[in-house]
Amino acid sequence: MERKEVVIIGGGPAGLAAAVELHKQGVRDMVILEREDRLGGILRQCIHDGFGLGRFGESLSGPEYAQAFIDEVQARGIPYETGAAVLELTCDRKVTAATRSGLRQYEAKAVVLAMGCKERSRGSLGIPGERPSGVFTAGSAQAYMNLYNRMPGREVVILGSGDIGMIMARRLTLEGAHVQAVFELLPHPSGLPRNIVQCLDDYDIPLYLSHTVTEIHGRTRLTGVTVAEVDVDRRPIPGTEQEYTCDTLILSVGLIPENQLLEGAGIVIDPRTNGAAVDEALQTSVPGIFSAGNVLHVHDLVDFVSLEAETLARSVAAYVAGTPPVPCNLAVEAGRGVGHTVPQRVSGTADFTLSLRVTGHYRDCRLVVRQDGREVVSKRMKKAIPAEMVQLAVKAGNLRRIGALEVSVE
């Protein structure tokens, strides 16, 4: 059993940013555990640009963004271990990992959860049909092309208008594949507006809303799919079916936080985010275990991930130094038009940043935080859409010590 002040699970953008900030705060006794062979997480395969505008003030590719943090981790001598899969996390902050040198166990004063998220697969969608080759999640197809230089297929249909799916529509087109269309179950796109323009409109790739794949054809290799329109309850409308001949189906149907370790530690999970329920310090329901990045809630920009992880690191440094925690008894509730909020509880004694997503498309609206009917803070917006995370700065001076906070769209 090795004793560490901090164990960071995950060497992607959240874990790297947390480690660098912890080092700046004076924490030296820590280790990053990363299950892949290299640091960087999902950014290694995101070779398109658009990263870093918020964090570095310039547009970088994913590998460039990750390398900026990797270089700083190495320059500061922060220890890390790749090929280390964490198998178990307990409520008393014991971490068990399978590494190249065997089974390792750590006992930490604080644990940082930065494992990122996984893609929703075909199995969770329940699409009827055989199980032929040629069905990929968008992230898997991206890895085949950008990390292993392999083309998934030539005639492509994409289900879901998530950002990775739209980016892969462009990538496949540039490499000579024919992307027939992108189909989205919802009546609105799931990804960022800029990706709709840059990845679909610029390449004349049609986007069909309120459509879904109802059947997969092919025995050994995919030969086609059946697509149908859906009604307001998202059920296929009989008589609207249309068949598309293709050899590749790419699924871009949502991301889920990697929360298996949370259950073993007894951490409370928010059913709206599928990540941990945290307080303003990004501490989970188990003292000493903190969470940030996509394992906490899915972000649309990696810059937000890094900034959130740096906030977490400052809280972890204070915790390790022995600063007594402040009770967080004020609940933060999602009201009209709001899907979820992070954090889910606050103390009312410290400033904090509230992250949220709306449930529909709004124009000329206000996001309002109220406590016992009294307006605490508001933000006027020309538009608010589910694909874009919104952040509100809340000042402690505006809060009372009693009464839940409710966030709503007006």
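Mentor: We begin with a definition: a residue is buried under 20% relative accessible area, exposed over 50%, and partly exposed in between, using a 1.4 Å probe and protein chains only. At 28% relative accessibility, G102 counts as partly exposed. This is a predicted model, in which local features need pLDDT of at least 70, side-chain atom pairs count only at pLDDT 80 or more, and totals for chains, interfaces and linings use all residues. Residues are numbered from 1 along each chain as its sequence is written, and side-chain values use heavy atoms, with hydrogens and water left out.

Trainee: In which strand is G102 found?

Mentor: Helices (H or I, at least four residues) and strands (E, at least two) are DSSP runs, numbered from the N terminus. G102 belongs to strand β6, residues 102-113.

Trainee: How do I read the span of a helix, and what is the span of α8?

Mentor: The expected span is 1.5 Å times one less than the number of residues. Helix α8, residues 302-320, has 19 residues and reaches 27 Å from its first C-alpha to its last, close to the 27 Å expected. Just after α8, G322 takes a positive phi of about 100°.

Trainee: How are two packed helices described?

Mentor: By the angle between their axes and the distance between the axes. Axes are lines fitted to C-alpha atoms, for helices over the stretch in contact, and angles run from 0 to 180 degrees between N-to-C directions. Here the axes of α5 (residues 163-174) and α6 (residues 193-200) come within 8 Å and cross at roughly 15°. That makes α5 roughly parallel to α6; angles under 35 degrees count as roughly parallel, over 145 as roughly antiparallel, 65 to 115 as roughly perpendicular and the rest as oblique.

Trainee: Is the crossing left-handed or right-handed, and which residues make the contact?

Mentor: A crossing is left-handed if the near helix is turned anticlockwise from the far one by less than a right angle, and right-handed if clockwise. α5 passes α6 in a left-handed crossing. Contact means heavy atoms within 4.5 Å. On the α5 side the contact involves D163, M166, I167, A169 and R170, and on the α6 side N195, I196, Q198, C199 and L200.

Trainee: How do I read a sheet, and what is the order of the five strands in the open sheet with parallel pairing?

Mentor: Two strands pair if DSSP finds at least two bridges between them. The order of this open sheet is β8-β15-β9-β10-β11. β8 and β11 (207-209) stand at the edges with a single partner strand each, so one side of each has no neighbour in the sheet. From one strand to the next the twist averages 20°. Inside the sheet, β9 (residues 155-159) and β15 pair in the parallel sense over four bridges, and V157 stands opposite L249 in β15. Helix α4 packs on the sheet, touching β8 and β15, and its direction makes about 95° with that of β8.

Trainee: How many residues of α4 are buried?

Mentor: Seven of the nine residues of α4 (residues 138-146) are buried, so the helix is mostly covered. Among them are A138, G139 and M145. The buried residues pack against β7 (117-119), β8 (135-137), α5 and β15 (248-251).

Trainee: Which strands form the open sheet with antiparallel pairing?

Mentor: Three strands form it, in the order β19-β21-β24. The edge strands are β19 and β24 (390-394), each pairing on one side only, and the twist averages 25° from one strand to the next. T341 stands opposite L356 in β21, and L356 stands opposite V390 in β24.

Trainee: Is T341 buried or exposed?

Mentor: T341 lies in strand β19 and is buried, with a relative accessible area of 0%. Not counting residues up to four places away in sequence, T341 touches several residues, including D270, R272 and V407. Four of the five residues of β19 (residues 338-342) are buried, so the strand is largely enclosed by the rest of the structure.

Trainee: Where is T359 found?

Mentor: T359 is in the loop between β21 (352-358) and β22 (362-371). T359 is partly exposed, with a relative accessible area of 46%. Leaving aside neighbours within four places in sequence, T359 is in contact with G337, V338, G339 and P386. T359 and G348 are eleven residues apart in sequence and 26 Å apart in space, C-alpha to C-alpha.
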